[in-house]
Amino acid sequence: MRKQSIHRIAACMLLLLLFIPSLASANSPPPAPQPDYVLNLEYPPEETYCIAILTQDSENALPAEALRLAYPDSGPMIDALFSLTDEGWYPLREEPDGGIVQRAGISRIVWMDLAQRPTEYRLLFATQSGLVQVTDTVVRRHYSNYNVYEVAANRVIQNINYRDYAIRVIIAVVITLAVELGLLVAFGFSFKQNWRLVVATNLITQLALNIILFATEYFEWGPDESVLLVWLELVIPVIEAVVYARLIRERTTLRRIVYAFVANYASLVTGMMLYAMIRGDVYLFYMTIFYPVIAITIIFS
């Protein structure tokens, strides 16, 4: 009877994988686009002004003549944009919303789509009355897309949206626990005896995972985030397999180890799938990737 119940669980998981992603993607509205860079001006000028991101990428620079034609009444400000080309600094091709020239009093400047997010940049600020100032080089930190430009001090303060980052982490932890606790039962382990161990183990590994990812990305240590994530997702199942093999008292040691790897794999791919659904881009091959999880669950039940 219990074996039949586990087969039903596996069948239900398979049906959910087949139908929920397609229904959700078909009925969900497309997500609101997120800006690549947001700059809030502290005490913006009460006159027309120009602000631009300067990089050392000359190939993706704004064309000077086209700008002069587009803003014929702002010649001196447009000329100021190209005043540092001899030093190797060029205005980024993408203009912010509202254009490179902003109205008086505008305090929030948004670049929705940057072809290449600069890792080092400077801001050039020029006003209609002739003020021109350029910041020191800013090393752009990951997770710092919302920034403040202090006009009077001529400096950029990078801000991290900790709330959004915390929400992402909480969602990832909830998905991980839901999948891994579900598979705990599917593998024939007692939920009552083992749920605390699974929850505690995953909270520790998820906390360590996110601290490492955040620190390495923000301070630009080590490899690319995607490469590091792959290595961490290989290490974490090994750690959890050792914990479960030693502390779970039911079933065979092999089953405990297999559970650790399958549960981690399933929670990772489930999170990726939900992320794709939220973005309105469902990866159909995900279902094919997930089939081995269902098969292993059935085999070891």
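# A tour of the aromatic pairs

Begin by selecting Arg 122 and Trp 89, where the charged end of Arg 122 sits over the ring of Trp 89, 5.3 Å from its centre; a charge sits over a ring if NZ of Lys or CZ of Arg is within 6 Å of the ring centre and within 35 degrees of the ring normal. This is a predicted model, in which local features need pLDDT of at least 70 and side-chain atom pairs count only at pLDDT 80 or more, while totals for chains, interfaces and linings use all residues. Residues are numbered from 1 along each chain as its sequence is written, and side-chain values use heavy atoms, with hydrogens and water left out.

Next, colour the protein by pLDDT, the predictor's confidence in each residue, from 0 to 100. The protein averages 78, and 73% of the residues score at least 70. Confidence is lowest in helix α1 (residues 2-27), with a mean of 48, and highest in strand β7 (residues 132-134), at 95. Select residues 14-31, over which pLDDT stays under 50. Where pLDDT is low, the predicted coordinates should not be read in detail.

Switch to a cartoon view, in which the protein has eight helices and ten strands; helices (H or I, at least four residues) and strands (E, at least two) are DSSP runs, numbered from the N terminus.

Now show the rings of Phe, Tyr and Trp (its six-membered ring), which pair if their centres lie within 6.5 Å, with planes under 30 degrees apart counted as stacked, over 60 as edge-to-face and the rest as tilted. The count comes to seven aromatic pairs. Select Tyr 37 and Tyr 121, an edge-to-face pair with 5.7 Å from centre to centre and 85° between the planes. Tyr 37 lies in strand β1 (residues 37-42) and Tyr 121 in strand β6 (residues 120-127), so this pair ties together parts that are 84 residues apart in sequence. Tyr 37, at 1% relative accessibility, counts as buried, and Tyr 121 counts as buried at 1% too; buried means under 20% relative accessible area, exposed over 50%, and partly exposed in between (1.4 Å probe, protein chains only).

Move on to Tyr 49 and Phe 125, whose ring centres are 5.5 Å apart and whose planes stand at 40°, so the pair is tilted. With Tyr 49 in strand β2 (residues 49-55) and Phe 125 in strand β6, the pair ties together parts that are 76 residues apart in sequence. Both Tyr 49 and Phe 125 are buried.

Finish at Phe 187, Phe 189, Tyr 244 and Tyr 259, which ring pairs link into a cluster.

Methods:
Contact means heavy atoms within 4.5 Å.
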